[in-house]
Amino acid sequence: MKNRAIVVSLLAVMLALPAIAQQTTSNSPAAATTDQAASTPAATTGASGKQPLQSETHEGFWGKVNPFARKKYVQRQTQPIRDRVNELDELTAGNSKMITDADARAQQGIQLASSKVSEADQHAMDAGNKAQMAQQTATQATTRLTTVEQVVGNIDQYKAATQTEIRFRPGQSALSTNAKTALDEMATPLKSQRGYIIEVQGFSSGHGQAAIATSQKMADSVVRYLVLNHEIPVYRIYVVGMGNAPVPSTGTEEQAKTKRTSGGRVEISLLKNDLEQLASTAPAK
């Protein structure tokens, strides 16, 4: 009976040991965590904003004895790690998205700045071209003004261009064929010109008023032909009958005074000023 009682007591102790071990195992992590938290100062938070994971070194009696209990123990130990890794993955994904958005905004800003710089360069080039055109226009205007001033200064100064002489038979004032041809050659180019005058001087042999009247008739016949056949304005023609006035000579002054006209003739002188030059330099409209 005593042996049986001893065996029963041993069996009861053995059956009670698992429950005591399981209770010790379940209470050990909390106690270890409490002791470590009490002995360790406040830990620095990690990237996730939480406290760093604390490794549990005490696995208890049941974790060493029962392999199934050990597997649960491992899962319990690794579950916080998996949770923390998932949190870090989420943080990494969020940071990657933020970096991608920041890079996209930076690229847009760079492109916008580049387009603004290109636009500013184009405006600068346009302004430079306009300034150059304005400078050229100012130079042309200055040149034009200088030319106009010279023309206005010489407006009443005419220079001899061509000179034609028409001969008449004694006592006649009608134009011959050769005389008309000579007048045509002189007057035809004048239709498109301006800034000119025509000086007509008649000379005749004889004396006194008779010679003056004859020379005036010959000069009038020349003027009449120019006005009617070539439409030369009358205000451009200056006519005078010189009679038997002395004719300028290339000799000495004494010879010039004594040289007289032996027959009837008319001298036509074409005089021009600088108005034609001004018209030729005027800008086209």
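## Sheet, core and a buried serine in a predicted model

The secondary structure of the protein comprises seven helices and four strands, and the model examined here is a predicted one. Read from the N terminus, the elements follow the order α-α-α-β-α-β-α-β-α-β-α. Buried residues account for 22% of the 285 residues in the protein, and the protein exposes about 20400 Å², of which carbon and sulfur atoms supply 58%. Among contacts between residues at least 6 apart in sequence, 75% join residues at least 24 apart.

The four strands form an open sheet in the order S1-S4-S2-S3, with mixed pairing. Strands S1 and S3 (237–243) stand at the edges and have a single partner strand each, so one side of each is left without a neighbour in the sheet. Direction ignored, neighbouring strands of this sheet are turned by 15 degrees against each other on average. S2 and S4 run antiparallel and are joined by eight bridges; Ile 198 has Leu 270 in S4 as its bridge partner.

| Helix | Strands touched | Angle between directions |
|---|---|---|
| H4 | S1, S2 and S4 | about 165 degrees with S1 |
| H5 | S1, S2, S3 and S4 | about 155 degrees with S3 |

The largest nonpolar core holds 22 residues, and those that touch the most other members are Ile 198, Val 200, Val 222, Leu 226 and Ile 268. At least two residues of this core come from each of strand S1 (159–168), helix H4 (177–187), strand S2 (196–203), H5 and strand S4 (264–272), and H5 gives the most, with six residues. Not counting residues up to four places away in sequence, Leu 226 touches Leu 183, Met 186, Ala 187, Ile 198, Glu 231, Ile 232 and Ile 237, while Ile 198 is, like Leu 226, one of the core residues that touch the most other members.

A polar atom of the Ser 221 side chain lies 2.5 Å from the backbone oxygen of Met 218. Once residues up to four places away in sequence are set aside, Ser 221 touches Phe 168, Ser 173 and Leu 175.

Note on methods: Residues numbered from 1 in each chain as written. Predicted model: local features only at pLDDT ≥ 70, side-chain atom pairs only at ≥ 80, totals over all residues. Heavy atoms only, no water. Polar contact = N/O pair within 3.5 Å; in protein donor to acceptor, adjacent residues only side chain to side chain. Contact = heavy atoms within 4.5 Å. Core = buried A, V, L, I, M, F, W, Y, C linked by side-chain atoms within 4.5 Å. Buried < 20%, exposed > 50% of the residue type's maximum accessible area, 1.4 Å probe, protein only. Pairing = 2+ DSSP bridges. Axes fitted to C-alpha atoms, helices over the stretch in contact; angles between N-to-C directions. Areas by Shrake-Rupley, 256 points an atom, 1.4 Å probe, with all protein chains shown as cover.
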